[in-house]
Amino acid sequence: MHRLVGRRAVTLALACLGATGVLQAFSPYFLTTANLTTILHNSVELLLISLGVSFILATAGIDISVGGALGISAIFIGWSVEAGWPLAATVAIGPLVGTCLGMVSGIVIVAGKVPPIIATLGLFGLYRAAIFLLLGGSWISGLPNTLAPFVNGAILGMPVVALYVLAFYFLGWLILRWFPLGTGILAVGGNERAARLAGVDVGKSKFLVYAMTGFLVGFAALLYVARYRNVETSTGETIALDAIVAAVLGGSSVLGGRANLFGTLLGVLLVRLLQNGFVLAGVPSLWEQVITGLLLLLVLILDMFAARNARLEME
Amino acid sequence: MVASFKNMRLAGLVAIWIFALAFFAIRSPAFFSLANVSSILQFSTLLALVTLGQTLVILAGGGGIDLSVGGIVSLSGLAIAFGVKGGLNPYLASLGGITFGGFLGLINGLLVTKFRLLPLMATLATSYAYNGLSVALTEGAPLSGLPMSFGTLGQRSIAGIPLHTVLIVLPSFLILELVLWQMPVGRWIYAIGGNERACRLLGLPVDLIRLGIYVHSGLTAALAGLVADSWLLSARPNIGENLELLSLTAALLGGTSIFGGSGGLAGSLVAVFFFTSLQAGLQMLNVNAIWQLGFVGCFLILSVLLDRIIRGEETK
């Protein structure tokens with residue numbers, strides 16, 4: 001039991017419960033089915049993107065361009081819906097664009113040997129400019145409901161969107177736990193030189209991680225457009241930070257070599273739960289960025305102390 | 001060899017800049033008017049100040065990067081405007097705001113040196129906190145209505161050169177160059193960036209120097225906030241937007257190595273003037289300002305790529 005779930009997940013689950021208790025005290029509306037559904041609803045895109053970011057952090061990388069890639073993918077999906085493409089093509093275009101953008105990051109980082117923070121910061125600037133230019137200042141809104149069959153409906157009482165998310169997490173877990181690729185990814189993040197000497201294709205592992213994240217971002221864009229049926233210039237502006245916070249909360253180390261997908265899942269829920277709860281408790285939503293930034297600092301500092309204690313215990 | 005390479009790189013950058021100037025001058029004859037040159041300098045000050053701080057942070061190595069500079073510009077600008085509107089003596093308010101910027105930098109520095117967080121993670125988190133704070137505290141609306149007398153620094157000019165270029169940017173640059181090249185601390189900054197472990201074994205106060213460098217970055221960002229306040233006679237909560245991307249790009253394009261230990265301020269400053277000329281030129285040609293963001297993003301990646309190709313594998 002302990003091995004299967006892990007101490008991190010237990011801590012996070014308890015943190016979720018604790019936060020729920022406190023927030024419920026501030027707003028009786030918090031613990032209602034309607035509100036909890038809203039929280040889950042708001043978590044979907046972040047769940048997918050955080051999954052990718054967990055893999056990237058595991059290779060000791062970072063991606064702050066995901067928000068820009070989400071916006072661009074969403075624009076292409078929006079256009080294809082407007083143009084009346086068949087459902088299959090509309091569904092395919094988002095992940096396709098996302099994967100291409102992820103591959104761009106991968107190529108710059110692997111072939112160009114540009115540090116991930118520089119590469120993705122530069123690409124983020126580029127993507128944001130591209131979003132403005134593609135949209136031409138106006139938003140895509142009031143799209144027809146073409147994508148509804150793809151996101152509405154349920155199988156055995158589970159909404160299909162939840163099934164998509166769980167399927168991706170299961171796949172991610174399989175790769176990480178049972179496939180050489182996953183072992184390679186963790187090895188690259190743990191000690192790149194050692195991994196290379198041990199025969200891991202470092203470049204391939206890194207490249208695939210960014211491409212995979214691109215795919216997930218594109219899929220998140222697809223769900224976003226299907227559910228909200230509009231694309232704004234600000235779409236995805238702050239999602240990079242949310243994703244990093246969720247992954248780090250979940251137990252991914254920013255130094256690489258570690259990933260905990262179940263933890264990431266709980267981390268996303270905790271982030272969205274807090275953001276929702278603070279609004280219900282009367283904190284203006286403008287404070288969301290501040291709270292998320294401070295949350296990241298808090299987790300990083302706690303992690304640092306935990307690592308230091310673990311080192312001391314070993315000595 | 002190293003010196004000649006550095007000069008070649010600087011010369012190359014100056015050549016690109018002159019090429020851009022020539023291009024804009026041909027396409028738009030008014031480009032070289034006194035008013036336009038003056039406005040380029042006007043625009044350059046914010047970026048120049050922030051870039052001076054950013055360059056030192058990167059020079060000192062250890063993965064040094066300050067993503068929170070934009071947030072510090074906005075937040076300390078607000079602090080100054082708040083003080084002045086509250087009836088505080090403008091000099092005192094400015095001094096207070098600059099100290100506040102230094103304090104925000106100190107937080108970054110402590111997170112990096114005491115708590116041993118990765119600089120990029122620590123400053124990413126504080127950048128959201130600082131930017132978020134300046135938007136949340138003002139609800140997104142600028143704090144305007146500063147007295148006209150407060151505009152001297154930001155709006156006056158001597159022979160077409162803005163007062164703040166003469167009074168703040170040039171002296172800061174000269175003093176920092178002097179410190180970097182003539183004082184032990186300056187040499188230590190390069191040494192730490194080059195080989196941190198060796199410096200620790202030598203007994204250099206590595207952490208203290210690094211802490212000071214983040215505080216310095218906060219101070220220069222706050223100075224930029226002061227100039228912005230005085231120029232616009234209002235404090236905008238988003239005035240620092242994109243300055244982290246721009247300053248980082250200027251520093252790297254100017255020849256500072258992302259791994260620290262080599263580079264300098266002169267290149268950074270040339271890159272700043274190049275960017276602001278580009279901005280002004282594109283504006284005169286009626287090109288959407290958002291293009292600049294895209295260009296800068298490309299420059300950032302290209303400058304690191306170029307660095308790798310020129311220096312080969314010696315940078316690891």
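Analyst: A salt bridge is counted here where a side-chain nitrogen of Lys or Arg lies within 4 Å of a carboxyl oxygen of Asp or Glu. This is a predicted model, in which local features need pLDDT of at least 70 and side-chain atom pairs count only at pLDDT 80 or more, while totals for chains, interfaces and linings use all residues. Side-chain values use heavy atoms, with hydrogens and water left out, residues are numbered from 1 along each chain as its sequence is written, and chains are lettered from A and ligands numbered from 1 in the order in which they are written.

Over all chains, the rule gives nine salt bridges. One of them joins A:R272 to A:D242, with 3.1 Å between the closest N and O atoms. This pair links distant parts of the chain, since A:R272 belongs to helix α13 (residues 261-280) of chain A and A:D242, 30 residues apart from it, to helix α12 (residues 239-249) of chain A; helices are DSSP runs of H or I with at least four residues, numbered from the N terminus. A:R272 and A:D242 are both buried, that is, under 20% relative accessible area, where exposed means over 50% and partly exposed in between (1.4 Å probe, protein chains only).

In chain B, the closest N and O atoms of the salt bridge between B:E196 and B:R200 are 2.7 Å apart. Both residues lie in helix α9 (residues 196-202) of chain B, four residues apart, or about one turn of the helix. B:E196 counts as partly exposed because its relative accessibility is 25%, and B:R200 is partly exposed as well, at 35% relative accessible area. B:R200 also meets B:D207 in a salt bridge, at 3.3 Å from N to O, and a network of salt bridges links B:R116, B:E196, B:R200, B:D207 and B:R210.

Note on methods: Helix = DSSP H or I, 4+ residues; strand = E, 2+ residues; numbered from the N terminus.
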